[in-house]
Amino acid sequence: MQYHQTQLQALLASTTAFATEQNINALLKKIVIHAGEVIAAEGVAIFVLDVTKTYLNLKVAKWRDEVREVNETEGIPLQSVGQFNTDNICVFAALTGKPQLIDDIYAGFIGFDFSSIYEQDKRYGTKTHSLMVVPLRDHEEKTLGVLLLANAKNQQGEPSSFVAMEALALSFAAHAAVALNNAYLIDANKKLIDLLGESNQQLEAENKHLKQSRKRLNNYQIIGESKAMQQAYALMDKVVASPVNVLLRGETGTGKEVFARAIHNNSERSNNPFITQNCAAVPEQLLESELFGYKKGSFTGATTDKKGLFDEANSGTLFLDEIGDMPLNLQAKLLRVLQEGEVRPLGATQSHKVDVRIIAATHCDLEEKITAGSFREDLYYRLSVFPIFLPALRERGDDVIVLAKHFIRLYAKNYGNLPARLAPSTIEILKSYSFPGNVRQLQNIIERAVLLVDSGTAILPEHLPEQVCNAEPAESTETKSQVFSLQNLPVKQSLKEAVQDYESALIERYLQANNWNQTRTAEVLNMPRRTLVEKINRYKIVTKGKRSH
Ligand SMILES: Nc1ncnc2c1ncn2[C@@H]1O[C@H](COP(=O)(O)OP(=O)(O)OP(=O)(O)O)[C@@H](O)[C@H]1O
C-alpha cells in the first residue's frame with residue numbers, strides 16, 4: 001500500500017509527540033489531533049475504558065478543526081441487562097480487539113446500531129458515511145480504549161474509504177496505545193509516590209507525636225517533668241537501646257536506683273534479671289564472694305559452690321550502687337570483668353563468660369577520689385562511658401510539689417488515711433527548702449506528715465519537721481543579681497578586679513548550688529574541671545561547706 005509522504009511524516013511526528021507526553025489528558029488530546037493528520041478523516045474521537053473496565057468513556061472528540069475535551073462520567077456500558085452491548089461498534093471493537101470498518105453507515109442494516117450518529121447528523125446538519133474503529137491495546141493485548149475515525153478523505157480531500165488506510169491506522173493505534181499505557185503507569189507511580197510521601201509524613205508526624213507524648217508522660221514512670229529531669233530522660237532515651245555501661249551520678253536520694261531500674265526495664269534485657277548490690281554496705285571479702293561467687297572449699301565455711309551476682313545477672317543488668325566506695329582490690333577484679341567479659345569465682349581455676357550490663361552509681365566526686373588514689377582511673381574510664389547526672393531536688397522546680405502529692409497519695413493509701421492535701425503555706429516552705437537528702441528526704445517528710453494529719457485535712461507547716469520549717473530558704477538567683485547590680489559595685493575598681501570578684505563569687509555560688517561537687521560545677525559552668533580547681537585555689541574559695549566526697 002502506497003501512503004502519501006505527508007501521512008508518513010505525520011506518523012513520525014506523532015511518535016515524537018507521544019514519547020514526550022506523560023500527562024494522560026494531554027496525551028489523549030495529542031492522539032486525537034495526530035490521528036486526524038495521519039489518517040485523513042473528518043472526525044476523530046477517543047474512548048477509554050474506565051477503571052472498573054465496564055464503560056467506554058469519550059475523552060476527546062474532533063470534528064474538522066474543532067477539538068473538544070469531554071468530561072464524561074457515564075460512557076457507553078460494555079454490558080446491559082447481562083448481555084454484551086455488541087450493537088455498539090466501539091464496544092464491539094473493544095471486546096474483540098479487531099478494527100471495524102464501515103464504508104457507509106446509511107447503507108441498510110450492517111449489524112450495528114448507529115441511531116445515535118443518525119441523530120447527531122440530524123442535529124448538526126452533518127453527514128457521516130464511512131467509519132473506522134480501531135482498538136487501542138497494550139503490550140499484553142489488553143484493551144485500553146478505542147479510536148473512532150469518521151468520514152475518510154482521499155488526497156484530494158474527497159470522501160473515500162478507510163480500507164486503504166487500515167494498516168496505517170493500526171500502526172498509529174499501536175504506538176498510541178504504548179504511549180497511553182506508559183502514561184497510565186507513570187500516573188499510577190506518581191500516585192503511589194504521593195501516597196508514600198503522605199504516609200511517610202503521617203508516620204513522621206506520628207513518630208514525633210509518640211516521642212513528645214513519651215517525653216510528656218515519660219514512659220520510665222519516674223515522677224518529675226521539670227526541665228532538669230527532661231534532660232536526664234533525654235539521656236536515658238539515648239542509652240536504653242544500647243548495651244553500654246552507664247554511670248549514674250547525683251547526690252544521695254536523687255533516684256539513682258530508680259533510674260537504673262528504669263533503664264533496665266526499657267532495655268532489651270528487661271525480661272532478664274536486674275540485680276542490685278550496694279558496694280559500701282558490706283565488708284570487702286563478703287562483697288567479693290557476693291559479686292564473683294565461690295567454689296566449695298575455697299575458704300572455711302564454703303560448704304557448697306555459690307553463684308556470684310555476675311552470674312545471677314547474666315543476660316540482664318547488675319546495678320552497682322556506691323561504686324565510689326568499692327575497695328581497690330575489687331576495683332581491679334571488676335575492671336577485668338569489664339575488659340574481658342569473664343568472671344572467675346573464688347577458688348576456681350578457670351574463668352567463664354558472662355553477658356552483663358553494668359549500671360554503676362555514685363554520689364562521690366570520683367575525680368577527687370582518683371586524685372586521692374582511692375579510685376582506679378582505668379576503671380573510671382570504663383564505667384563512665386555514658387554518665388548521667390541526676391539533678392538535686394532543689395533544681396527541679398515544681399517537681400517538689402508533684403512528688404509531694406505523689407507521696408501523699410502513696411502513704412494515704414498505705415495507711416488507709418483519706419487523702420490529705422498540702423496547705424498553701426506548706427507548699428511555700430517545701431518549695432524554698434533545699435532538701436539535702438533529696439527525694440528520699442521529701443518522701444520521709446511526707447510519710448511522717450500523712451501519719452500526723454487527721455484524715456482529709458490539710459498538711460500544715462506544723463506537720464513538717466522543725467529543721468524544715470526553720471531552715472533558711474535556699475538562696476535564689478535573685479540574690480546573686482542583687483549582689484552584682486551595678487549600684488552595688490565599688491566605684492574605684494579596675495575592670496580586671498571587678499571581673500575577678502564576679503568570677504570568684506559566681507564560682508562559689510555554683511559550687512554551693514551543686515553541693516560542692518567540682519565535676520558537676522565544672523559541667524554546669526561549661527569549663528574544664530582543672531581550670532575550675534585552679535580558680536578555686538587562686539580565689540581561695542573556702543570550701544568548708546563542702547560535703548565529704
Ligand atoms: N523521681 C522519683 N519519683 C518517685 N520516687 C522517687 C523518685 N526519685 C527517687 N524516688 C524515691 O526516693 C527514694 C530514694 O531513691 P533512690 O534509692 O533511687 O536514690 P539514690 O540516688 O539511689 O540514693 P543513694 O545515693 O542514697 O543510693 C526511693 O524510695 C525512691 O523510690
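Predicted model: local features only at pLDDT ≥ 70, side-chain atom pairs only at ≥ 80, totals over all residues.
Trainee: What makes up the secondary structure of the chain?

Mentor: The chain comes to 20 helices and 20 strands. Of its 549 residues, 29% count as buried.

Trainee: Why is helix H4 said to lie largely in the open?

Mentor: A residue is buried if 20 or more other C-beta atoms lie within 10 Å of its own. Among the 10 residues of H4, at 115-124, the number that are buried is zero, so the helix lies largely in the open. Just after H4, glycine 125 takes a positive phi of about 70 degrees.

Trainee: How do you know that helix H20 is hardly covered?

Mentor: The same criterion applies, 20 or more other C-beta atoms within 10 Å. H20 spans residues 529-538, and the count of buried residues among its 10 residues is one. Just after H20, lysine 540 has a positive phi of about 50 degrees.

Trainee: What makes E11 and E18 the edge strands of the five-stranded sheet?

Mentor: The sheet is open, with parallel pairing and the order E11-E14-E17-E10-E18. Strand E11 (274-278) and strand E18 (386-389) each pair on one side only, and they are accordingly the edge strands. Neighbouring strands of this sheet are turned by 20 degrees against each other on average, direction ignored.

Trainee: How do you know that strands E10 and E17 pair?

Mentor: Two strands pair if at least two bridges are found between them. Four bridges join E10 (residues 246-249) to E17 (residues 357-362), and the two strands run parallel.

Trainee: Which residues around the ligand are the closest?

Mentor: The ligand is surrounded by 18 residues, and the closest are Ile223, Gly255, Lys256, Glu257 and Val439.

Trainee: How do the residues of the shell divide into nonpolar, polar and charged?

Mentor: Six are nonpolar, eight are polar and four are charged.

Trainee: Which domains each give the shell at least three residues?

Mentor: Domain 2 (235-391) and domain 3 (394-469) each do so.

Terms used
Residues numbered from 1 in each chain as written. Near = placed C-beta within 6 Å. Nonpolar A, V, L, I, M, F, W, Y, C, P; charged D, E, K, R; others polar. Domains from an automatic or database assignment. Buried ≥ 20, exposed ≤ 12 C-beta atoms within 10 Å, placed from the backbone. Axes fitted to C-alpha atoms, helices over the stretch in contact; angles between N-to-C directions.
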